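This briefing covers selected packing and pairing features of one structure. Please view the sequence and the model before reading on.

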Amino acid sequence: MVATAGSKGRAARGAAVVAGLALLGAGLVACTTGEDPTGATLTGAVVPLAAEAQASEWRVVAYESGDGERAARELGAAETGARGTFSIPLDIAAASEIGDDSVVYVVATPLGDARKAVLASVIADPRDSTAISAPGRATASGASSSTSASSTPVGLAVNERTTVATGFAMAQFVGPDGISGVAPGVVNSAGMAGNLVDPASGELAEVISSSPNGSETSTLPAFQSLVSMLAACVADDGACADLLVAATPEGGERPGDTLQAFAEIAKHPAASVVDLFDLAQRGALPSQPGLATAPDAWTLALRFDGDGQSLDGPGNFAVDSDGNIWVNNNYEYGSDPNTAVCASDELFKFSPTGQFVDGSPYQGGGLSGSGFGVVIDPETGDVWVSNYGFAAPAPGCPDDEQPPHDSVSLFQADGTPLTGDTGITAGELNWPQGTIIDDEGSLWFANCNTSTLTVYPDRDPEQARVIDGLGLDQAFGLVDNGTNIFATGTASSSVAVLDRDGTPIAGSPFTGSGLDRPMGIASDAEGNVWIANSGAITLPCPDRPEVGPAATGSVSSIDAATGTLTGPFQGGGVATPWGITTDGDGNVWVAEFSGQRLVAFCGYDPSTCPPGSATGDPLSPDGTGFSFDGLERSTGTVVDPSGNVWVTNNWQLEPIQTNPGGHHIVAFLGLAAPVAGT
């Protein structure tokens, strides 16, 4: 847990994302109220969407997972009645061991089925306890939890929608033995499923069906096409076999059932695209039109806009130990794009499922158009935000409202500012961008205007030092690879490499054909460094230098073992890369400033990539990348503990210069190997 978040962080997670705690709470009530514990039950209904499918004669099994060291544990099982209803007596001995870091899910299989056509569901909101009952215990609505055979069933819906939602949102934790993983990732993933489908009704959830998603992007029809694939399978033996074949990853094992099949599609979305699209046409449901043509890849991406009136130019991310998403911001929000905006004075905290939490947005602390620099202190949970002083280009922000460009702000994990109205200015900060805390606890800043680095040893501004003469022009990105500090120079097309005391190592800076106006820089767990070569970008800090013609973007890497610069690597839809990050397998994810796409490359462990892959090979489709019509110009990207890849909509596609900022952050669900938060 984040040290300063304490119980508040646990409460926020429990209120929004824990997928199995309603079941836990009911099980514990049954154990502690003096009632017969054998009376605790999980109720719901299997309600297939496929017209040919019967609701009766399904076997439904409830499981608990979250330990990470073992497979899912069975809690109980039952068969459905004539209307698909079920009531599962819970194994209280097992249920009583469920903790805050567990999830509970159900899997339904037709009796005697040999096609592995399973349906699955998780509970997305722990406050909705209608799925659980115990003798004498009231439901969330206050009514008796017992349900007569003739009454309308309440509880957990299980259908094709809930199955696809579970498979995609929990993709990184689904395997041959069910769902297994560790918190907070597995818990947050279950909550993300509730953004796709309401588990109580089995209907589309509000997030996917309304603005800024709904009819505004392709995600809803893509989801409905995926649901149609499963509907075809549920109705027909041949379609089900075809689904399992099409979902088999290249060189991998065929999925054992349909839940695992959709997890594999989520993790390998560019495989068998046309075959899966054709299958969707076989199961198409008239009530839910899907995609008209096959996509580039079967990704599901959701947009989030907080309160709908604050985000304006989100720049970059930091993820805390609970999986909350922290976002800095460039511009003050302006509803009229023709009215010039000045620097933002807000910082945002999103829950792992994309909603504002803990009073977000936060103000004060000297925030001033914070650009690209945001980092979480791993010891305290405090959040440092560098103030670049972004404001709209000319005619832009009035002269008397121009923001400062020389400070850093500090906030507690609950959003309380710890700095005053001018922030901290020690160390000659000057249009700071990249901001990191190294493995020894020192805080580093890249000063774009002076091409210097500032370091606060032990995060102490009174010890501030300025490091110059590094061969950088427009210092931008920073990373600690566990051994050295690396800094990009965008205008100089260079990367400086320093010891922890700030001394450049022999051979620093790197220059040459492998680097072209680099922006973001990232390291994998083994210390291999990856660089996003924009090929085009220079920055107004405050002036743009003269540079050569724009080139096609790329990524490059520096081998941790040899110190060798390799690349550039192209393909996969890379065009103008800006932000860059690595996932839990060491594979590389790139935020694109053009092209409405996310790009991926194989990292230093090709065994985690498709057979025949080598380091630097593209994993996203050539030409398009993982395209999404809900993306704009992206700058920051990060992988969270659930394996979601987040990107910023930083600038609009056709930016009006008085107010060019975008207004969303975007999550690609279950796409990458999870990464623990800070």
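Predicted model: local features only at pLDDT ≥ 70, side-chain atom pairs only at ≥ 80, totals over all residues.

In what order do the 4 strands of the open sheet run, and is their pairing parallel or antiparallel? The order is β11-β36-β35-β34, and the pairing is antiparallel.

**Open sheet**
- The edges are formed by β11 (301–304) and β34 (637–639); each has a single partner strand, so one side of each lacks a neighbour in the sheet.
- On average, neighbouring strands in this sheet are turned by 20° against each other, with direction ignored.
- Between β11 and strand β36 (residues 661–668) there are 4 bridges, in the antiparallel sense.
- F304 has I665 in β36 as its bridge partner.

**Strand β1**
- Strands of a sheet pair through backbone hydrogen bonds, in either a parallel or an antiparallel manner.
- β1 pairs with strand β4 (residues 85–89) in the antiparallel sense over 5 bridges, and G44 lies opposite F86 in β4.
- β1 also runs parallel to strand β8 (residues 156–158), joined to it by 3 bridges, with V46 opposite V158 in β8.

**Helices α7 and α8**
- Helix α7 (residues 219–235) and helix α8 (residues 237–246) have axes that come within 5 Å and cross at roughly 130°.
- The two helices α7 and α8 are therefore oblique to each other, and α7 passes α8 in a left-handed crossing.
- On the α7 side the contact involves M229, L230, A232, C233 and A235, which meet D237, A239, C240 and L243 in α8.
- By class, the contact of α7 with α8 comprises 8 nonpolar, no polar and 1 charged residues.

**Helices α4 and α9**
- Helix α4 (residues 160–169) packs with helix α9 (residues 258–267) at an angle of about 50°, and their axes are 7 Å apart.
- α4 and α9 are therefore oblique to each other, and α4 passes α9 in a right-handed crossing.
- T163, V164, T166, G167 and F168 of α4 make the contact with L259, F262, A263, I265 and A266 of α9.
- By class, the contact of α4 with α9 has 7 nonpolar and 3 polar residues, with no charged residues.

Conventions
Residues numbered from 1 in each chain as written. Heavy atoms only, no water. Axes fitted to C-alpha atoms, helices over the stretch in contact; angles between N-to-C directions. Parallel < 35°, antiparallel > 145°, perpendicular 65-115°, else oblique. Left-handed = near helix turned anticlockwise from the far one by under 90°. Contact = heavy atoms within 4.5 Å. Nonpolar A, V, L, I, M, F, W, Y, C, P; charged D, E, K, R; others polar. Pairing = 2+ DSSP bridges.
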